[in-house]
Amino acid sequence: MSSLTEQKPVVYCNYVGGEWTESSSKELLESRNPATGSLISYAQKSTVQDVEQAIDSVYEAYQRSDWGYNPKRRYEALLGLAQKIEENLEHLARILTMEQGKTIRESRIELMGCVDTLKYFAGAARTVFGRSIQLEPGNFGVIAKEPIGVVGIISPWNWPALLMIRELAPALAAGNGVIVKPASLTPAISVEIFKLIAEVPHFTKGIVSIVTGPGRSIGAAMGTSKKIDMISFTGDTSTGKTIMELATSNIKKLALELGGKSPNVVFDDANLDKAIPLIGRSIFISAGQICMAGSRLLVHESIKQEVLSRLKDYAEHLRVGNGLLESTDMGPVISQNQLDLIAEYCEIGRQEGKIITGGYRLTGGEYDQGYFFAPTIIDDLPANSRIVREEIFGPVLAVQTFSSDEEALAMANDTDFGLSAGVWTTDLNRAMRMSKEIKAGTVWINTYNKNFPEAEFGGYKQSGLGRTRGIDGLMEYCETKHIHFEI
Ligand code: NAD
């Protein structure tokens with residue numbers, strides 16, 4: 001089979017109560033390859049009734065089983081899933097690339113991230129400890145950590161495997177029952193992972209379900225359901241605000257991982273040999289469709305010309321094409337809508353600034369079948385330009401210039417978002433000061449895009465609420481109880 005051969009369309013079912021089920025709607029969602037337009041699979045277009053049944057089944061499995069009290073079982077289950085993903089990595093990577101468009105190399109990285117995350121939280125399942133405290137003579141307290149109950153996970157399409165597992169692993173490790181709703185553009189990879197869950201005997205029957213379908217109906221039904229105790233949402237900031245409103249129905253706990261407009265701040269003493277490829281990668285990986293994309297470049301005026309000419313060279317040497325080819329550096333964007341949106345932003349860039357490279361849809365030959373956009377760099381933008389302020393979610397880098405550390409800091413923080421930032425300098429004092437003053441959940445010094453399951457990740461300001469990954473990420477999925485003894 002050639003590396004570009006596609007499979008016959010598969011029909012995916014929901015996984016509810018430990019069984020594969022069809023939606024009562026008898027309607028299907030189509031998944032198409034954004035590189036070729038060809039149909040790769042169907043998934044259930046579920047109804048509110050389907051999602052309510054799934055919530056009931058998770059609720060019952062949680063109530064009747066010992067899942068919440070059996071950390072060893074949870075450890076075995078998560079480890080079992082990690083092993084299954086590892087064994088099926090190439091198969092899953094092809095599905096991820098065909099459905100989402102990212103390069104096969106990025107798909108392998110994403111899936112290895114799932115394996116690592118599952119292994120980390122498998123171990124962490126056995127370390128969900130509280131503490132005991134002496135309060136006054138004859139009085140002491142036990143601060144216990146308990147599962148919350150039923151958690152709904154709503155995930156996006158850009159890193160659909162890892163962003164589902166990033167929440168599923170700690171939610172299950174903490175002892176909760178879980179219902180997942182993946183993005184409508186990428187159900188296949190999520191259901192493929194659930195096929196592997198179904199093969200791991202340690203999962204309590206019904207403790208975890210997946211239901212595919214539109215966010216506005218079934219995602220919203222999860223948001224208002226009184227049987228769901230917590231929603232973990234990863235997606236757009238505006239959808240996150242809607243989820244917050246829906247969750248008031250029963251004062252659900254919320255974890256929100258939202259959008260970003262992250263800066264790379266490049267000082268005049270930066271090691272450019274190291275910085276340029278990593279800054280380029282930070283915006284062009286996944287065709288810019290990544291929450292932590294380094295979408296703003298803040299560069300010291302004295303090195304601006306050199307940095308821009310080297311980044312232009314980097315962008316123009318990227319091989320854009322079908323992600324299934326091993327040689328491809330950047331795949332297509334996810335859809336026609338996304339392509340149109342990126343083109344609109346570039347039109348604004350053309351009027352308000354200066355296009356250094358790119359700014360157009362790639363056409364001709366195989367490009368005509370998919371949604372390919374040229375890696376784009378736009379300079380001389382005013383601070384209030386929508387290209388500087390809004391998350392584009394495409395391969396578009398906005399460039400601004402500074403002349404002092406104070407100005408760089410003010411520009412870095414001049415945003416509604418606060419997900420991540422990169423700082424490039426060889427001056428330790430400057431690095432320390434910037435890392436403390438930048439309002440972002442992650443600040444990388446002389447690197448970018450380095451993520452580990454043991455290191456917390458999340459947003460300041462409108463980039464989110466709570467933390468994912470690490471011990472704090474596990475604790476998001478726990479309730480805290482004070483048990484007081486007087487003896
Ligand atoms: P989106 O908000 O459109 O959709 C995310 C999920 O929410 C999907 O499953 C969708 O079906 C569902 N949904 C949509 N409307 C809903 C509603 N009214 N009620 C309930 N659910 C609803 O986001 P997207 O386009 O899939 O993803 C891109 C966005 O996600 C970007 O803003 C990106 O920055 C953000 N993101 C953030 C992180 C992070 O860790 N902070 C990671 C990845 C992506």
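Okay, let's start with the two domains: the C-alpha centres of domain 1 and domain 2 lie 31 Å apart. Domain 1 covers 10-258 + 463-483, and domain 2 runs 263-445; domain bounds here come from an automatic or database domain assignment.

Before I go on, this is a predicted model, where local features need pLDDT of at least 70 and side-chain atom pairs count only at pLDDT 80 or more, while totals for chains, interfaces and linings use all residues. Residues are numbered from 1 along each chain as its sequence is written.

So, the domain contact. Domain 1 puts in 18 residues and domain 2 puts in 22 residues, with two residues in contact if their C-beta atoms, placed from the backbone, lie within 7 Å. On the side of domain 1 that touches domain 2, the elements giving two or more residues are α3 (89-100) and α4 (104-124). Helices, by the way, are DSSP runs of H or I with at least four residues, strands are E with at least two, and both are numbered from the N terminus. The largest share of that side, four residues, is from α3. Sorted by class, the domain 1 side has seven nonpolar, eight polar and three charged residues. Nonpolar is Ala, Val, Leu, Ile, Met, Phe, Trp, Tyr, Cys and Pro; charged is Asp, Glu, Lys and Arg; the others, Gly among them, are polar.

Now α4 again, with another partner. Helix α2 (residues 71-87) and α4 pack at about 165°, axes 8 Å apart. Axes are lines fitted to C-alpha atoms, for helices over the stretch in contact, and angles run from 0 to 180 degrees between N-to-C directions. That makes α2 and α4 roughly antiparallel; the cut-offs are under 35 degrees for roughly parallel, over 145 for roughly antiparallel, 65 to 115 for roughly perpendicular, and oblique for the rest. On the α2 side you'll find Tyr75, Leu78 and Ile85, among others, and they meet a set in α4 including Leu111, Val115 and Phe121. The contact divides into 12 nonpolar residues, one polar and two charged.
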